[in-house]
Every structure is written in structure tokens, then in C-alpha cells.
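This report describes a structure for a reader who has not seen it before. It takes the chains in turn and then the places where they meet.

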Amino acid sequence: MKARRVKGLEPDAALADNAERILRVRLDELCSFMPAAADPTAVVALHDMRIAAKRLRYVLEVTGPCFGPYARNATKMVKELQDLLGEIHDCDVQIPETAGFGERLLAVDAAALREAAGDAADLDPALLKQAPHAREHAGLAALQAHLRARRLLLFDRFLELWGDYERKGFRARLEYAVGERAASAAADGVSIGEQ
Amino acid sequence: MAKAQDIDVAPDEPFRQAAARVVRLRTAELFDHADGVLDTSDIERVHDMRVASRRLRAVLEIFAPCFPPNEFDGVLRDVKQLADALGARRDPDVHIDALTAFSKSLVAANRPGVARLVEDLRERQTRGNEALAAELDRTAQRGLRERLLALADAADERSAA
């Protein structure tokens with residue numbers, strides 16, 4: 001997903017003023033994926049929302065200390081959201097990958113069984129024991145069930161987390177915080193780093 | 001996971017001055033994590049370098065207007081390419097780790113299938129490691145570290161001008 005362009009950045013202007021512009025755009029970008037991402041089948045919207053969360057998080061990590069105290073809370077909240085969306089994305093990648101892998105093994109087994117049957121009128125089920133991957137299908141099916149169930153669970157957690165952020169006024173409070181300037185920071189400098 | 005080093009920032013300092021300092025620090029962090037990154041027995045090394053590459057890419061994008069555009073575009077492209085190579089190596093690492101843990105909770109009859117998938121992922125991990133080795137060589141040949149530091153210097157010089 002291409003990031004929205006931030007207009008009006010001025011290299012010679014104050015860090016906080018430029019960062020405020022960036023944060024407002026990145027926050028709006030993140031929030032714009034709801035309610036589309038509340039649809040569990042909207043895999044692309046969820047993925048894009050994760051990227052938007054990552055972009056917002058990194059700007060907050062670097063410039064958050066320039067702003068009001070809520071910016072620090074918001075950094076943690078966005079990281080939590082990004083991590084959860086990342087876990088969901090991992091499931092969305094692994095489910096088709098695992099299914100594809102299982103399909104390839106099934107195709108190999110089917111070809112081997114067909115060859116083993118030779119000129120028989122029908123396939124003898126007893127031949128199944130000879131399939132090269134006979135012992136492997138059950139585990140892959142169990143893994144598929146696990147990944148699908150985990151995806152459902154994580155998605156429910158995402159809806160709960162976002163609902164919680166909305167109830168706590170995440171967007172409005174962060175918008176307010178980026179309009180504030182950390183008072184002591186201007187004189188002394190404030191430390192930024194992973195939060 | 002490697003913690004990003006603290007940097008002092010002041011809300012009123014010029015954007016480009018902060019850009020120079022932050023890019024220098026994030027550049028140093030990236031290359032500090034390069035040691036042992038191809039060692040597949042310690043998957044945290046590649047993870048730390050990948051995280052450092054993401055942080056560097058992020059600050060380049062945040063401070064983009066502070067740098068000379070022609071040099072900046074090439075540097076950002078190379079950082080993305082390195083980050084992609086780190087990601088391609090890291091993804092199977094994570095998947096293998098998760099499947100190994102998952103396998104322990106399975107009944108014996110279900111383990112061979114998961115083990116087979118882990119085998120397949122180990123092949124992908126090896127290919128990812130080879131691609132990463134080539135990308136690290138390219139990074140050195142293209143002088144990425146020096147070009148990143150030159151970008152930071154350019155932002156500083158513009159501040160002084």
C-alpha cells in the first residue's frame with residue numbers, strides 16, 4: 001500500500017510542526033480502514049491497515065516525545081494493534097501456503113497410487129499404505145484446522161481491541177496530543193527510542 | 001529483540017537537523033547488527049537486523065524532504081531491497097519456530113506431516129540465506145552505509161547554509 005502524501009513539509013521548520021502534519025495524515029490513514037477491515041474476509045484491507053499502523057507507530061516512536069503525554073500511550077496502543085494485525089496476516093499467508101503444500105503431497109500420492117494400480121480395473125484401497133506421504137496428511141489437516149481457528153480467534157480480538165480504542169477516544173485524544181508541545185523538551189531535548 | 005537506541009529530539013529544532021541525527025543513528029544500528037546475520041542457528045540476529053532495517057527505512061521516509069532527492073531515491077531503494085532480503089530469510093525462521101512449538105502439542109500421528117512442512121521451510125530458509133548473503137555483498141559494493149551517512153551530512157549542510 002502506497003502511503004498518502006503529506007503536504008506542506010518544510011525542512012527548515014520545527015521538527016514538531018512537520019511531525020504533526022505527518023501524524024495527522026498517518027492517523028487518518030489508519031482510521032480510514034474501518035469499518036472495511038471489520039469484515040473478516042477483507043484480507044487486503046486488514047493487511048493495508050497493518051501497514052498503516054506500522055507507519056503511524058514509527059513516526060510516533062521517533063517524534064512522540066515532542067507532543068502531549070497521550071502520544072506515548074498511543075505509541076504502545078498502535079504497536080499492540082500492529083502486532084495483532086501482524087499475527088492475523090501471518091495466518092492469512094500460512095493458511096493458503098499450508099493448503100498448497102498439502103495439495104502438492106496429495107498430487108504426488110495420487111500419481112504414485114495410480115502407477116501402483118497398474119492395469120487393475122479399480123484402485124485397491126489397501127494400496128494407500130504405500131503412498132509416499134501417507135503418514136503426512138493428517139498432521140497437515142490438523143495444522144490447517146489450527147490456523148483457521150487461530151485466525152478466527154485473533155480476528156475477534158482485533159474487533160475487541162479496536163472497539164476498546166474507539167471507546168477510549170483514541171483518535172480524538174491523539175489528534176489533541178499532536179497539537180500540544182512537550183513543554184520541557186524544547187529547552188532540554190527529550191529522548192526518543194523504542195517505547 | 002534489539003531495542004532502538006535513544007535519541008534526543010527537541011520539538012523546536014529544525015526538521016532537517018533532526019533528520020541528520022536520526023538517520024546517522026539508525027544507520028549505525030543497522031550495520032551493528034550485521035555480524036553473524038547469516039548464522040541460522042541464532043535466528044535473533046537476522047530478526048534484529050531486519051527490525052533495524054525497518055526503522056531505518058521508516059526514518060528515511062519520515063524525513064524524505066530533508067535530503068537531496070536524486071541520492072535519496074537510490075538509497076531508499078537499496079534499503080528496501082536489503083529489508084526485503086532480510087524478510088525473506090526471517091519469514092521461514094519464524095514459521096519453523098512456530099511449527100516446532102506447535103508440533104510438541106500434537107499427538108504422535110500428526111507429527112510427520114508438520115515435520116515434512118518444516119523440512120520444506122528449511123530449504124526455503126537456506127535459499128533465503130543465500131539471497132541475503134548476496135544482498136549483503138551488494139550492499140557493501142554499493143557503499144550503502146557511506147551513502148546513508150552522506151545523506152545525513154547533506155541534510156546538516158543545508159541546515160548550516
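## Chain B as a whole

The model is predicted. In chain B, 37% of the 161 residues are buried. Chain B contains five helices and one strand, and along the sequence these follow the pattern β-α-α-α-α-α.

Chain B has a radius of gyration of 19 Å, whereas a compact globule of 161 residues would have one near 15 Å. Its C-alpha trace spans about 70 × 35 × 20 Å along the principal axes. Of the contacts in chain B with a separation of 6 or more, 74% are between residues 24 or more positions apart.

## Chain A as a whole

Chain A has six helices and one strand. From the N terminus on, the order of these elements is α-α-α-α-α-α-β. Buried residues account for 32% of the 195 residues in chain A.

The radius of gyration of chain A is 25 Å, while a compact globule of 195 residues would have a value near 16 Å. Taken along the principal axes, the C-alpha atoms of chain A fill a box of roughly 85 × 35 × 25 Å. Among contacts in chain A between residues at least 6 apart in sequence, 72% link residues at least 24 apart.

## Helix α1 of chain A

Helix α1 of chain A covers residues 15–31. At 1.5 Å a residue, its 17 residues should span 24 Å, and the end C-alpha atoms are 24 Å apart, so the two values agree. The buried residues of α1(A) are A:L15, A:A16, A:N18, A:A19, A:E20, A:I22, A:L23, A:R26, A:L27 and A:L30.

What covers these buried residues? From chain A, the cover includes α2 (43–63) and α5 (170–177). From chain B, it includes β1 (7–9), α1 (15–32) and α2 (43–62).

The axes of α1(A) and α5(A) are 11 Å apart, and the two helices pack at an angle of about 175°. Angles over 145 degrees count as roughly antiparallel, and α1(A) and α5(A) are therefore roughly antiparallel to each other. On the α1(A) side the contact is made by A:R24, A:L27 and A:C31, and on the α5(A) side by A:R171, A:L174 and A:E175. By class, the residues of this contact are three nonpolar, no polar and three charged.

The loop between α1 and α2 of chain A holds A:P35. The peptide bond joining A:M34 and A:P35 is cis, with omega about 10°. In general, most peptide bonds are trans.

α1(B) has 18 residues, which at 1.5 Å a residue should span 26 Å; its end C-alpha atoms are 26 Å apart, so expectation and model agree. This helix is mostly covered, with 13 of its 18 residues buried.

Helix α2 of chain B includes B:R45. Is B:R45 buried, exposed or partly exposed? B:R45 is partly exposed, because 18 other C-beta atoms lie within 10 Å, and a residue needs 20 or more to count as buried. Apart from its neighbours within four places in sequence, B:R45 is in contact with B:H33, B:G36, B:V37 and B:D39. B:R45 and B:L151 are 106 residues apart in sequence, and their C-alpha atoms are 27 Å apart in space.

## Where the chains meet

The contact between the chains takes 38 residues from chain A and 35 residues from chain B. On the chain B side, β1, α1, α2, α3 (69–104) and α4 (111–141) each supply at least two residues. α4(B) gives the most to this side, with seven residues. By class, the side of chain B that touches chain A has 20 nonpolar, four polar and eleven charged residues.

A:H137, A:A138, A:G139, A:L140 and A:L143 in α4(A) meet B:R111, B:P112, B:G113, B:V114 and B:L117 in α4(B). The contact of α4(A) with α4(B) has six nonpolar, three polar and one charged residues.

Technical notes. Residues numbered from 1 in each chain as written. Chains lettered and ligands numbered in written order. Predicted model: local features only at pLDDT ≥ 70, side-chain atom pairs only at ≥ 80, totals over all residues. Helix = DSSP H or I, 4+ residues; strand = E, 2+ residues; numbered from the N terminus. Expected span 1.5 Å × (residues − 1). Buried ≥ 20, exposed ≤ 12 C-beta atoms within 10 Å, placed from the backbone. Contact = placed C-beta atoms within 7 Å. Rg over C-alpha atoms; globule rule 2.2 N^0.38 Å. Nonpolar A, V, L, I, M, F, W, Y, C, P; charged D, E, K, R; others polar. Axes fitted to C-alpha atoms, helices over the stretch in contact; angles between N-to-C directions. Parallel < 35°, antiparallel > 145°, perpendicular 65-115°, else oblique.
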